Amino acid sequence: MTHGHSDHTGSISAILKDHNIPVYAHSVEIPYLEGDLAYPRRKKAVSSVSKGITLPLSAGTEGELELIDGLRPYLTPGHSPGHRRSSPSRG
Ligand SMILES: [Zn+2]
C-alpha cells in the first residue's frame, strides 16, 4: 500500500479472501492505518485495515527500504506520514 487512507485500503480484505499474498506498508504508516494514531488533521484514529494484516517494509541499516519483487519503495511523507512510492530497481 502507498498509504492507509480508506480509498486505498477498501478492497484489501476482498483481495485476501482469494489470494494468499503479503500486504506491505511503511512502518511509519502502520499505526495510522490500524487505528492506533489519528492521521494529521483528523480528529480521531480510524482503522482502515485489521491489525496484523500489514507487514512493515524491510529497511537496511541506514533506513533505505529493501526491494520487493524488483521494485524499490521510497518513503515520501507528506500526503500521509508513512506514504511511499515504488520505482523499478535500476541495480
Ligand atoms: Zn490518501
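Visitor: Let's start with R84: which residues does it touch, not counting residues up to four places away in sequence?

Guide: Touching, or being in contact, is about two C-beta atoms, placed from the backbone, lying within 7 Å of each other. Here R84 touches T2, H26, P73, Y74, L75 and T76, once residues up to four places away in sequence are set aside. Bear in mind that this is a predicted model, where local features need pLDDT of at least 70 and side-chain atom pairs count only at pLDDT 80 or more, while totals for chains, interfaces and linings use all residues. Residue numbers run from 1 along each chain as its sequence is written.

Visitor: Is R84 buried or exposed?

Guide: Count the other C-beta atoms within 10 Å: 20 or more is buried, 12 or fewer is exposed, and in between is partly exposed. R84 is buried because it has 20 such atoms around it. You'll find R84 in strand 4, residues 84–88. Take Y74 from the contact list: Y74 and R84 sit ten residues apart in sequence, with 5.2 Å from C-alpha to C-alpha.

Visitor: T2 was on that list too, so where does T2 sit, and what does T2 contact?

Guide: T2 belongs to the segment before helix 1 (6–9). Its contacts, leaving aside neighbours within four places in sequence, are H8, H83, R84 and R85. T2 counts as partly exposed because it has 17 C-beta neighbours inside 10 Å. For another kind of pair, look at T2 and E62: they are 60 residues apart in sequence and 21 Å apart in space, C-alpha to C-alpha.

Visitor: How many helices and strands does the protein chain have?

Guide: Helices (H or I, at least four residues) and strands (E, at least two) are DSSP runs, numbered from the N terminus. The protein chain has three helices and four strands, and along the sequence they follow the pattern α-α-β-α-β-β-β.

Visitor: Which residues make up the largest nonpolar core?

Guide: Such a core is a set of buried Ala, Val, Leu, Ile, Met, Phe, Trp, Tyr and Cys residues joined through C-beta atoms within 7 Å. The largest one here has eight members: M1, A25, I30, Y32, L33, V49, L57 and L65. Helix 3, residues 30–33, gives the most to this core, with three residues. Have a look at V49 as well: beyond four places in sequence, V49 touches G4, T9, I12, L33, E34 and T54.

Visitor: How much of the protein chain is buried?

Guide: Buried residues come to 22% of its 91 residues. Of the contacts with a separation of 6 or more, 50% join residues 24 or more positions apart. The C-alpha trace spans about 40 × 35 × 20 Å along its principal axes.
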